[in-house]
Amino acid sequence: MRLNQNTMLLGKKVVLVPYTSEHVPSRYHEWMKSEELQRLTASEPLTLEQEYAMQRSWREDADKCTFIVLDAEKWQTQPGATEESCMVGDVNLFLTDLEDPTLGEIEVMIAEPSCRGKGLGTEAVLAMLSYGGDPPTDSE
């Protein structure tokens, strides 16, 4: 969804940034090679090229909105930290009825095992609920 292409959501524990092609090879594709994450997310293994195609579809499809979840502490306290080095997972909004944008589904994946159980997923979902409940317009 292009609606979030210039949007960053800041929380106390997480920073949500749009899922871009730069995120694919650095961390995302490596995460999705994990049999555990494939099982937990009901995903199939993809080649790097397929992962890039999937990222493009997430960006272009009107019924999907994806943010990469960054560790806010790392992002804000480590000088020169890149998004890729702070990535811990993703959060997705699926609109199930394009005629009624109040109907949807949210999924979160905290892919980094060391970041699980710390409330990052909860905060990411709450941020997505807040964003999805009143998304900004292109003029904002």
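**Note on the sheet, its helix and its cysteines**

1. Val 17 has its place in strand β2, where strands (E, at least two residues) and helices (H or I, at least four) are DSSP runs numbered from the N terminus. The model is a predicted one, in which local features need pLDDT of at least 70 and side-chain atom pairs count only at pLDDT 80 or more, while totals for chains, interfaces and linings use all residues. Residues are numbered from 1 along each chain as its sequence is written, and side-chain values use heavy atoms, with hydrogens and water left out.

2. With a relative accessible area of 1%, Val 17 is buried, a word that stands for under 20% relative accessible area, with exposed meaning over 50% and partly exposed in between (1.4 Å probe, protein chains only). Leaving aside neighbours within four places in sequence, Val 17 is in contact with Thr 7, Met 8, His 23, Thr 66, Phe 67, Ile 68, Leu 70 and Glu 83, contact being heavy atoms within 4.5 Å. Val 17 and Met 87 are 70 residues apart in sequence, yet their C-alpha atoms are 9.7 Å apart in space.

3. Met 8, which lies in the segment before β1 (9–10), counts as partly exposed because its relative accessibility is 40%. If residues up to four places away in sequence are not counted, Met 8 touches Val 15, Leu 16, Val 17 and Trp 75. The C-alpha atoms of Met 8 and Phe 67 are 8.7 Å apart, although 59 residues separate the two in sequence.

4. The open sheet is formed by 5 strands in the order β1-β2-β3-β4-β5, with antiparallel pairing; two strands pair if DSSP finds at least two bridges between them. β1 and β5 stand at the edges with a single partner strand each, so one side of each is left without a neighbour in the sheet. Helix α1 packs on this sheet, touching β2, β3, β4 and β5, and its direction makes about 85 degrees with that of β4; axes here are lines fitted to C-alpha atoms, for helices over the stretch in contact, and angles run from 0 to 180 degrees between N-to-C directions.

5. Strand β2 (residues 14–18) pairs with β3 over 5 bridges in the antiparallel sense, and Val 14 stands opposite Asp 71 in β3. Strand β3 (residues 64–71) is in turn joined to β4 by 7 bridges, again antiparallel, with Met 87 in β4 as the bridge partner of Leu 70. β4 and strand β5 (residues 104–110) are paired antiparallel over 7 bridges, where Leu 95 has Gly 104 of β5 as its bridge partner. Strand β4 (residues 87–95) is mostly covered, since 9 of its 9 residues are buried.

6. Helix α1 (residues 23–31) and helix α3 (residues 48–60) have axes that come within 11 Å and cross at roughly 105 degrees. Val 24, Pro 25, Tyr 28 and His 29 of α1 make the contact with Leu 48, Glu 51, Tyr 52 and Gln 55 of α3.

7. The structure holds 0 disulfides, a disulfide being a pair of cysteine sulfur atoms within 2.5 Å. For Cys 86, which is in no disulfide, the nearest cysteine sulfur is that of Cys 115, 10.0 Å away. Cys 86 is buried, with a relative accessible area of 1%, and Cys 65 counts as buried at 1% relative accessibility.
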